[in-house]
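Please keep the sequence and the 3D view at hand as you read.

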Amino acid sequence: MCGWIREDASQQGWVTEAFKTRKMDFLTNKWIVYLALCLFFTGVCCNSVENKIYIKLNYTMPCVRLLNATHQIGCQSSLSGDVGVLHVLESEENLDWVLRTGLHPPYMVILESPLFTRSIMMKLKNGSSRVAGVAVVAPTVNPPQGFSPHTSCPNENSGVYSENYGPGLAHCNTTVWNPLGNGLSYEEFDFPIFSLKDDNDTQLIRQCYVDHNRPVNGSDPQYPLCAMQLFSHMSAVTNTATCMRRNSISFSISPEGVCDPLSDHNIWAPARPLNTTEKGHKVGERVVLATARLDSRSFFSDIGPGAESAASGLVTLLAAAHALRNATQEAQLDRTIFYTFFHGETFDYIGSSRIVYDMEKNQFPIDLDNVHSVLEIGQVGLHSSSALWLHTDPVSRRNSSTDGEV
């Protein structure tokens with residue numbers, strides 16, 4: 001049931017470095033002899049030279065590659081990483097320098113967070129032969145207008161409504177659930193994209209660009225130039241089936257695979273004791289599923305500002321379970337509350353789909369016939385207003401008895 005997989009980097013971590021480059025001719029005998037003498041007599045002080053040239057950046061997070069049953073999305077670098085001349089994008093109009101007129105491609109583009117838009121990223125994607133990579137400076141505060149790299153209709157191909165059930169409601173025909181969604185998380189980029197923390201290192205990158213790379217009166221800067229290297233190579237391609245098949249083939253003695261399935265655990269607990277050793281239908285048992293999701297997704301791996309929406313529902317359901325504990329154990333209720341926390345809902349409802357699958361196969365303590373109703377606690381965090389919304393299923397409410405209960 002878990003159709004999504006996450007690409008593993010081929011080495012530990014990701015290397016992100018900034019450095020200056022200068023055109024030199026090392027092919028003459030003079031240079032070769034001099035270099036050989038230095039190697040022989042001084043033992044090569046590699047660390048000191050590296051420290052003078054490279055500035056290793058901390059607090060970086062990559063965009064990673066993901067695959068499902070049909071295609072791949074996300075980002076990756078070449079095998080040895082990608083190097084490009086540093087260019088701080090100052091406006092969307094400034095893209096012409098990167099994509100056409102600049103004389104020193106490929107460019108490593110630095111974006112301030114307001115410029116991390118679909119319009120700019122798609123132009124960079126279409127001009128990727130001149131783009132070595134992109135580094136986005138993470139904002140210190142949330143953008144006032146909001147931001148979402150998800151689609152405007154999340155999980156539209158795996159939701160409740162389809163051509164067979166409520167076709168008029170399928171594909172967000174009546175309500176656009178995520179109007180700010182720009183869909184960037186579902187694009188494929190053939191260059192690396194990283195998030196940078198706005199700190200002293202990032203300021204040093206800006207200053208290096210101003211001192212060495214910034215065009216003056218439209219003229220192209222001359223060497224030496226500042227450059228940046230981004231490394232986040234990933235080996236999987238095509239789709240989940242292809243990657244998992246390659247994963248099972250041992251190419252070397254290394255135990256590392258090329259990809260991992262997106263998997264975790266659902267958590268559930270009934271409000272009163274229930275025989276869990278016997279799977280399948282429970283005669284006379286009626287259950288109310290009270291659910292919340294555990295996961296969220298971000299464009300950059302391990303940076304999850306969207307977790308706030310999931311956390312509000314999670315905390316609310318935990319608080320309700322705690323508050324109702326004594327009442328549900330002492331009272332003789334007609335229905336059992338089944339507190340359930342789903343993992344993987346962001347990716348085509350992996351968690352809830354798995355429980356439904358287990359119920360259908362009689363591999364769960366209850367089955368679908370035991371389920372009386374489902375109550376999902378979603379995004380209930382209050383920000384700009386004190387209004388909360390309650391959504392019901394209009395298709396099931398066409399049944400008069402169901403509508404009466406609601």
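## A cysteine pair to start with

Cys 208 has a relative accessibility of 17%, so Cys 208 counts as buried (buried means under 20% relative accessible area, exposed over 50%, and partly exposed in between, with a 1.4 Å probe and protein chains only). Its partner is Cys 226: the two are joined by a disulfide, with 1.5 Å from S to S (a disulfide is a pair of cysteine sulfur atoms within 2.5 Å). This pair links distant parts of the chain, with Cys 208 in helix α5 (residues 200-213) and Cys 226 in strand β11 (residues 225-230), 18 residues apart. Helices (H or I, at least four residues) and strands (E, at least two) are DSSP runs, numbered from the N terminus.

The link of Cys 208 and Cys 226 is left-handed, with -70° about the S-S bond. Cys 226 is buried too, at a relative accessible area of 1%.

## How to read this model

This is a predicted model, in which local features need pLDDT of at least 70 and side-chain atom pairs count only at pLDDT 80 or more, while totals for chains, interfaces and linings use all residues. Residues are numbered from 1 along each chain as its sequence is written, and side-chain values use heavy atoms, with hydrogens and water left out.

The average pLDDT of the protein is 84, and 86% of the residues score at least 70 (pLDDT is the predictor's confidence in each residue, from 0 to 100). Over residues 8-45, the pLDDT is below 50, and this stretch has 73 contacts in the model beyond near neighbours in sequence (contact means heavy atoms within 4.5 Å).

## The other disulfides

How many disulfides does the count come to? The count by the rule is 4 disulfides. Numbering the bonded cysteines along the chain gives the pattern 1-2, 3-4, 5-6, 7-8.

The link of Cys 63 and Cys 75 is right-handed, with 80° about the S-S bond. Cys 63 is buried at a relative accessible area of 3%, and Cys 75 is buried at 0%.

Another disulfide joins Cys 243 to Cys 259, with 1.9 Å from S to S. Here helix α6 (residues 240-247) holds Cys 243 and strand β12 (residues 259-261) holds Cys 259, so to speak two distant parts of the chain linked across 16 residues. The link of Cys 243 and Cys 259 is left-handed, with -140° about the S-S bond, and both cysteines are buried.

## Salt bridges

The model has 12 salt bridges by the rule used here (a salt bridge is a side-chain nitrogen of Lys or Arg within 4 Å of a carboxyl oxygen of Asp or Glu). One of them brings together the side chains of Glu 187 and Arg 118, at 2.8 Å from N to O. Glu 187 lies in the loop between β9 (131-137) and β10 (193-196) and Arg 118 in helix α4 (residues 118-126), so this pair ties together parts that are 69 residues apart in sequence. Glu 187 is buried at 15% relative accessibility, whereas Arg 118 is partly exposed at 32%.

Arg 335 and Glu 405 form a salt bridge as well, and their closest N and O atoms are 3.9 Å apart. Arg 335 is found in the loop between α8 (325-330) and β15 (336-342) and Glu 405 in helix α10 (residues 400-405), so the pair ties together parts that are 70 residues apart in sequence. Arg 335 is partly exposed at 37% relative accessibility, and Glu 405 is exposed at 52%.

Which helix holds both Arg 354 and Asp 358? Both residues lie in helix α9 (residues 350-360), 4 residues apart, which is about one turn of the helix. Arg 354 is partly exposed at 40% relative accessibility, while Asp 358 is buried at 13%.

Salt bridges can also be followed through a network here: Glu 112, Asp 198 and Arg 206 are linked in this way.
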